Amino acid sequence: MFKILWYSPYAGVQKSQEIRDAQNRQIFLAPAYFYIKTAYELLNSDGAEICWSIPVLDFISDNELIERCENVSLICLSIYPWNKFELSRSLKMLHSSGNLSGKKVLVGGPGAEEFFAENRELIDYACYGDGEQGFIDIIDDITGKAQLNA
């Protein structure tokens, strides 16, 4: 089973109670997750069987992030201006603690290109622009179904 952790923390963007409410917050950030998930399921029915974790939309403690990364094959990070510094710190923490071993890291989102340039040694894949087909190609590459031509 191929397990994915989707981490896209939203904290700090807006401080209103309405936006900080978990259900409402999902409306703002989870569409990327659902677009990618739906595209994979519709366009790649013969692909790898994936266990899609519920997207993590809040900043979480290092210990919780380490725990959520257990038994994960791919860590997907959605990079935005408001979370790029914390995600960089978290990625470096996962690396230094040995918790990236055996896992692949994929970044996407509006800040992915700059984030990739700054953290290149810790990232296996980056998607720029629309990520639906790119995500399918990356999963196929990781699982050995097809080779990705970079």
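**Cavity, pocket and helix packing**

Q: Which residues line the largest cavity?
A: In this predicted model, the lining of the largest cavity is made by Y7, L65, I75, L77, L87, S90, L91 and L94. Two or more of these residues come from each of β3 and α4. Helix α4 gives the most, with four residues.

Q: What makes this space a cavity, and what is its volume?
A: A space is called a cavity because a 1.4 Å probe fits there but cannot get out. The largest cavity has a volume of about 40 Å³. The structure holds one cavity of 30 Å³ or more.

Q: How is the lining of the largest cavity divided by class?
A: Seven residues of this lining are nonpolar, one is polar and none is charged.

Q: Why is L87 called buried?
A: The relative accessibility of L87 is 1%.

Q: Which residues does L87 contact, leaving aside neighbours within four places in sequence?
A: Contact means heavy atoms within 4.5 Å. With those neighbours set aside, L87 is in contact with Y7, P9, L77, S78, I79 and F115. For P9, which is 78 residues away along the chain, the C-alpha separation from L87 is 8.4 Å.

Q: Why is D130 called exposed?
A: D130 has a relative accessible area of 75%. Exposed means over 50%, and therefore D130 qualifies. It is found in the loop between β5 (125-126) and α6. The C-alpha atoms of D130 and A32 are 9.4 Å apart, although 98 residues separate the two along the chain.

Q: What describes the packing of helices α4 and α5?
A: Two packed helices are described by the angle between their axes and the distance between the axes. For α4 (residues 84-96) and α5 (residues 112-119), the angle is about 35° and the axes are 11 Å apart. The crossing of the two helices is right-handed.

Q: Which residues of α4 and α5 meet?
A: From α4, the residues are K84, L87, S88, L91 and K92; from α5, they are E114, F115 and N119. By class, the contact has three nonpolar, two polar and three charged residues.

Q: What makes a space a pocket, and how much space lies in the largest pocket?
A: A pocket is called so because its set of grid points is open, with protein on both sides within 12 Å along at least five of seven lines. The largest pocket holds about 320 Å³ of space. It is lined by 19 residues, and A32, I36, G108, G109 and G131 are the closest to its centre.

Q: Which elements each supply at least two residues of the lining of the largest pocket, and how is that lining divided by class?
A: The elements are α2 (22-43), β3 (74-78), β4 (104-108) and α6 (132-143). The lining has 12 nonpolar, five polar and two charged residues.

Q: How are helices and strands arranged along the sequence of the protein?
A: The protein has six helices and five strands, in the order β-α-α-β-α-β-α-β-α-β-α. Of its 150 residues, 44% count as buried. Among contacts with a separation of 6 or more, 68% join residues 24 or more positions apart.

Note on methods: Residues numbered from 1 in each chain as written. Predicted model: local features only at pLDDT ≥ 70, side-chain atom pairs only at ≥ 80, totals over all residues. Heavy atoms only, no water. Axes fitted to C-alpha atoms, helices over the stretch in contact; angles between N-to-C directions. Left-handed = near helix turned anticlockwise from the far one by under 90°. Nonpolar A, V, L, I, M, F, W, Y, C, P; charged D, E, K, R; others polar. 1 Å grid on protein atoms, 1.4 Å probe; cavity = no way out; pocket = protein on both sides within 12 Å on 5 of 7 lines; lining within 4 Å. Points joined across faces, edges and corners; volume = space filled by probe spheres on them. Buried < 20%, exposed > 50% of the residue type's maximum accessible area, 1.4 Å probe, protein only.
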